[in-house]
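Here is a short note to read alongside the model. Please keep the sequence and the 3D view open as you go through the points.

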Amino acid sequence: MTNPRTLSNRTGSRRLDATSLARVAVFAAIVAVLGLPGGFTVAGGVPITVQTLGVMLAGAILGPWLGALSMTVLMALVAIGLPLLAGGRGGIGVFFGPSAGYLLGWIVAAFVIGLIVHAGGRKPVLWRTAVGVLTGGILVIYAVGIPVQSMVTRLPLGETVLMSLAFVPGDLIKVVTATIIVMTLVRAYPRAFRRVWASKTAPVMERV
């Protein structure tokens with residue numbers, strides 16, 4: 001005979017799966033909404049937008065796998081033609097332009113941010129959140145985006161790196177903003193994370 005507690009746990013797992021998928025969709029939508037104000041393009045054809053703030057939050061709040069999945073969903077929707085990128089851009093063509101590497105870097109960035117922020121299934125703390133968002137949200141995205149931009153535009157890598165410095169001040173502001181938002185949620189609404197650290201309480205004793 002099935003243990004009622006076991007049945008409840010299984011049902012809860014299914015609800016968690018459904019909730020996780022919903023959260024993935026929500027963060028894909030958040031990044032899309034952050035693109036509504038548009039952006040402006042610097043030399044090299046890559047626009048400066050606030051959408052990377054959403055990428056940072058996706059990784060820090062959803063964790064590595066769901067964060068990366070949310071960005072993958074967003075990229076899939078963009079690929080089929082939905083205008084979800086800043087300036088109403090969409091379509092498969094954006095993945096062959098100067099910003100292609102940065103867009104694909106969003107997936108890797110969300111994963112890396114989640115790994116660092118939630119390292120070892122631990123509760124996010126200020127320093128680890130800041131390091132994770134900085135590493136994934138800037139270093140990883142640049143590491144993927146700059147070489148692709150250089151290849152597409154046929155500009156020397158060094159020149160492309162110098163042009164990309166225009167992104168740094170804004171990205172640093174986004175790192176600070178994302179860190180503040182995450183730490184505020186940790187204190188005020190930890191359920192937003194639905195992470196392992198939030199459920200590490202004493203096990204419930206069952207009567208035999």
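**Notes on the model**

1. Arg154 is exposed, at a relative accessible area of 78%. Exposed means over 50% relative accessible area, buried under 20%, and partly exposed in between, using a 1.4 Å probe and protein chains only. Its phi is near 60°, a positive value in a residue other than glycine.

2. A word on the source: this is a predicted model, in which local features need pLDDT of at least 70 and side-chain atom pairs count only at pLDDT 80 or more, while totals for chains, interfaces and linings use all residues. Residues are numbered from 1 along each chain as its sequence is written, and side-chain values use heavy atoms, with hydrogens and water left out.

3. Next, please look at Thr129 in helix H5 (residues 126-153). Is Thr129 buried or exposed? Thr129 counts as buried, with 0% relative accessibility. Its side chain comes to 2.8 Å from the backbone oxygen of Val125. Leaving aside residues up to four places away in sequence, Thr129 touches Val117, Pro124, Thr179, Val182 and Met183 (contact means heavy atoms within 4.5 Å).

4. How many salt bridges does a search of the whole structure find? The search finds one, where a salt bridge is a side-chain nitrogen of Lys or Arg within 4 Å of a carboxyl oxygen of Asp or Glu. Lys174 pairs with Asp171, and their closest N and O atoms are 2.9 Å apart. The two are separated by about one helical turn because they sit three residues apart in helix H7 (residues 168-188). Lys174 is buried at 10% relative accessible area, and Asp171 is buried too, at 7%.

5. The unreviewed UniProt entry annotates several stretches as "transmembrane region", among them 131-152 and 172-190; such annotations may be inferred rather than shown by experiment, and positions follow the numbering used here, with feature names shortened. In the model, residues 131-152 are 100% helix and 0% strand, with end C-alpha atoms 30 Å apart. Residues 172-190 are 89% helix and 0% strand, and there the end C-alpha atoms are 25 Å apart.

6. Finally, Ile80 is placed in the loop between helix H3 (64-79) and helix H4 (100-117). Ile80 is exposed, with a relative accessible area of 66%.

Conventions. Helix = DSSP H or I, 4+ residues; strand = E, 2+ residues; numbered from the N terminus. Polar contact = N/O pair within 3.5 Å; in protein donor to acceptor, adjacent residues only side chain to side chain.
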